[in-house]
Amino acid sequence: MSVSSSIRPALIAAAILITTPLYGQNSPASPAAEAPRAPLIDLNESVAFEVCPHTGMMGSSGTFGLKLMMTYSSFSLELAGEQVIGRTANLYPVSINAVLNLATHGRLIPYGAVGAGLWLTVPVNALGAETVSTLGMNFGGGARFFITRAFGIRLEAKQYFTTISDSRGLKNDLLFFQEVSVGATFFFH
Amino acid sequence: MTTTTLLSRGALFLALVAPPAGSAGAQARYEQSLSLSAGLYAASGFGTNFYTSGRYDYFIPGTRWFIEGSLGVGSLTSKVMSSVTKAQIFTSDNLVTYEFAGAFDYAPGGALPFFLFGVGGVREGEETHFAGVLGIGKRVALPGFLGSNALGFRYDIRDQIFSQVINHSDPFIVHNITATLGLQIYF
């Protein structure tokens, strides 16, 4: 073996030993930490408002409605009005609801709600029939899924109940109605 | 089928679907619009009358979808009913409609129409019906019209489908058709 051929492996080994630590130092020990992303919706940021047109079904009747919400963090106050289109009468529940948001930031905000209000039952084409108003309560839950910072989709299921009495006030009936609705929500500060 | 036929059909399809060069769709620049439309409302069994409607659209950014809320006013006046049968079916001839719908606009700047589906309320006299709504339409931007790039016109054809009972008849399905042309302002 000549001198040059015996030196060549030593030179290669020395080059590897010298360069490897350099490469090792250049490469980060762990991936760079990403800058924290701001959540799409942050209910803790400030007081926020939402306008929610929606439609759905209550029993076999179609519904239309509008909800106005004022939100800060987990709590929202909601004013809701809707029309339930029946064959013999239209029902107009108007209620004030307290909403507990189960998440305060991100795209998906599930919530539970409870409220009370006035139910106006307006008969259709019944001679002599008058509008009947009763007090009612409701509870339920749903979720809002935000597609952008200003727009989302809202799904909700609710149970409504009210009492009505006959014309002589001798008998009270407790009535239950279930409603499922889907709508849009427009979010702004 | 020959290659020429295939190519010509493909070219026709592309011409319909592809937005014209330089016409950035309104959907890319604006998120909302208001429009005022006028046209005809054909109420099944009652005849056709003038109809006007106002519409609000929200264009979901980054998608080809938009949602729409609308309110329309028309009439149920029927010459046949009033002059021949002397019948008054509803308590008045007033017609009010409102709709809540979603629409898919595959080619906002192309020639294909958008397709719309949703629900609506049709108030005839004092009777309100919950209706399904199907429709097509087209939004056409009018860049530079009246010195603005935020104006356009639109046409809409809608079918409001609902179940109706008249004078204790069995329920039957009616199709009320509207055709309107309107001016649209984007913001």
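**Exercises on strand S5 of chain B**

S5(B) and S6(B) run antiparallel, joined by 11 bridges. Strands (E, at least two residues) are DSSP runs numbered from the N terminus, and two of them pair if DSSP finds at least two bridges between them. This is a predicted model, where local features need pLDDT of at least 70, side-chain atom pairs count only at pLDDT 80 or more, and totals for chains, interfaces and linings use all residues. Residues are numbered from 1 along each chain as its sequence is written, with chains lettered from A and ligands numbered from 1 in the order in which they are written.

**Exercise 1.** Work out how S5(B) sits between its partners.

*Solution.* Start with S6(B): there, His129(B) is the bridge partner of Val122(B). Now try S4(B), which pairs with S5(B) in the antiparallel sense over 10 bridges. Here Gly120(B) in S5(B) stands opposite Glu99(B). Finally, check burial (20 or more other C-beta atoms within 10 Å of the residue's own, all placed from the backbone). Eight of the 11 residues of S5(B) are buried, so the strand is largely enclosed by the rest of the structure.

**Exercise 2.** Describe the side of chain B that touches chain A.

*Solution.* First, count contacts (C-beta atoms, placed from the backbone, within 7 Å): 15 residues of chain B meet 14 of chain A. Then find the elements giving two or more residues: S3 (65-75), S4 (94-104), S5 (114-124) and S6 (127-141) of chain B. S6(B) gives the most, with four residues.

Conventions:
Two residues are in contact if their C-beta atoms, placed from the backbone, lie within 7 Å. A residue is buried if 20 or more other C-beta atoms lie within 10 Å of its own, exposed if 12 or fewer, and partly exposed in between; C-beta atoms are placed from the backbone.
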